[in-house]
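Please read the following note with the sequence and the model open beside you.

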Amino acid sequence: MASTERRGVRRFTAAERLVHRITGTLMLLCATTAAFLYFGPLAQLVGRRDVVATVHEWSGVLLPVPVLLGLFAPAFRADLRRLNRFAPYDRQWLRAVRRRPTEPSERPAGKFNAGQKLYAGWIAGAVLVMMFTGLLMWIMHLLPGISRTSAIFVHDVLAWSIAAVLVGHIRKAYQDPEARRGMRTGYVDRAWAELEHPRWLVRDQPTTERSPGLR
C-alpha cells in the first residue's frame, strides 16, 4: 500500500503501455521511410529505395496489429470504451479550450479529455484510410479498374495531415512531463490527476482499488 502511494495513481497497465510504444514505433517507421521515399535529397542519402519501400509497406500493414492484440487486455478494452464516449463535460472542455487561457478547473475531463478523444478517433480513421490506399497502390496490378493517381493523391494528402497531427501530439506530450511519466511508468501523481482528470478519479479510482485487474 505504501509503495502504491509513493508511485501515485495507476493510469496505464503494462499491456496498454506496450501497445502505445509498439504503435508509436511503427508510426515513426512509416513517417521516416515515407520522408526518404518522398524527398529526393533524403532518398539519395540512403539509396536502396526498394528496401526503404518494403520497410514502409510492412510497417504500415502491421500498424493495427498492436491494437488488435491489445483487445485481449481488459484494461485496454475499457480505455477504448472511454475514448469512444463523448460526455457533456467533454463539450465543456472544448468550449473552455476555445476561450484560452482557462484554469484547469474549467476543463473537466475523465481519464481522457475531449482533445485526446478527438485525436484518438481521427488518427484511427486516418490510419485505416492510409492502409487502404497504400494496399491499393501495392496491389494495383490486381485491380486495374481503380485509378492509381487517386489512391496516391489521397495517400499523400492524408500523410501530410497525419504528420502535422503527430507533431502536435508529440508537442503536447513534451509540455506535460506527468503525462509522459504515466505512459512510461504507468503511474501519475494524484495531484496532477485531480487537476487534469478529476472525473476519472471520482468515477474510476474506487473501482480500481477494489479490482486492480481491471486497469
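1. A salt bridge is here a side-chain nitrogen of Lys or Arg within 4 Å of a carboxyl oxygen of Asp or Glu. By this rule there are four salt bridges. The structure is a predicted model, in which local features need pLDDT of at least 70 and side-chain atom pairs count only at pLDDT 80 or more, while totals for chains, interfaces and linings use all residues. Residues are numbered from 1 along each chain as its sequence is written, and side-chain values use heavy atoms, with hydrogens and water left out.

2. For orientation, the chain has twelve helices and two strands, where helices (H or I, at least four residues) and strands (E, at least two) are DSSP runs, numbered from the N terminus. Starting from that end, the order of the elements is α-β-α-α-α-α-α-α-α-α-α-β-α-α. Of the 215 residues in the chain, 33% are buried; buried means under 20% relative accessible area, exposed over 50%, and partly exposed in between, computed with a 1.4 Å probe on protein chains only. Among contacts (heavy atoms within 4.5 Å) with a separation of 6 or more, 65% are between residues 24 or more positions apart.

3. Which residue forms a salt bridge with Asp79 at 3.1 Å? The partner is Lys111, and the distance is the one between the closest N and O atoms. This pair links distant parts of the chain, since Lys111 lies in the loop between α7 (88–98) and α8 (114–138), whereas Asp79 is in helix α6 (residues 74–83), 32 residues apart. Both Lys111 and Asp79 are buried. Asp79 and Lys111 also belong, with Arg82, to a network of salt bridges.

4. Another salt bridge joins the side chains of Lys117 and Asp90, at 2.7 Å from N to O. Here too distant parts of the chain are linked, with Lys117 in helix α8 and Asp90 in helix α7, 27 residues apart. Both Lys117 and Asp90 are buried.

5. In soluble globular proteins, nonpolar side chains tend to be buried together. A nonpolar core is a set of buried Ala, Val, Leu, Ile, Met, Phe, Trp, Tyr and Cys residues joined through side-chain atoms within 4.5 Å. The largest such core has twelve residues, including Leu26, Cys30, Ile123, Met130, Met131 and Leu166. At least two residues of this core come from each of α2 (14–38), α8 and α9 (148–175), and α8 gives the most, with five residues. Leaving aside its neighbours within four places in sequence, Met131 is in contact with Gly60, Val61 and Pro64. Apart from this core lies another, of six residues, among them Val9, Val188, Trp192 and Ala193.

6. A pocket is found on a 1 Å grid over the protein atoms alone, as an open set of points where a 1.4 Å probe fits, with protein on both sides within 12 Å along at least five of seven lines, and its lining residues have an atom within 4 Å of a point. The second largest pocket holds about 1000 Å³ of space, where grid points are joined across faces, edges and corners and a volume is the space filled by probe spheres set on the points. Its lining has 31 residues, of which Cys30, Ala34, His56, Met130 and His155 lie nearest the centre. The elements that give two or more residues to this lining are α2, α4 (49–61), α8 and α9, and the largest share, nine residues, comes from α9.

7. What classes of residue make up the lining of the second largest pocket? There are 23 nonpolar, four polar and four charged residues, with Ala, Val, Leu, Ile, Met, Phe, Trp, Tyr, Cys and Pro counted as nonpolar, Asp, Glu, Lys and Arg as charged, and the others, Gly among them, as polar.
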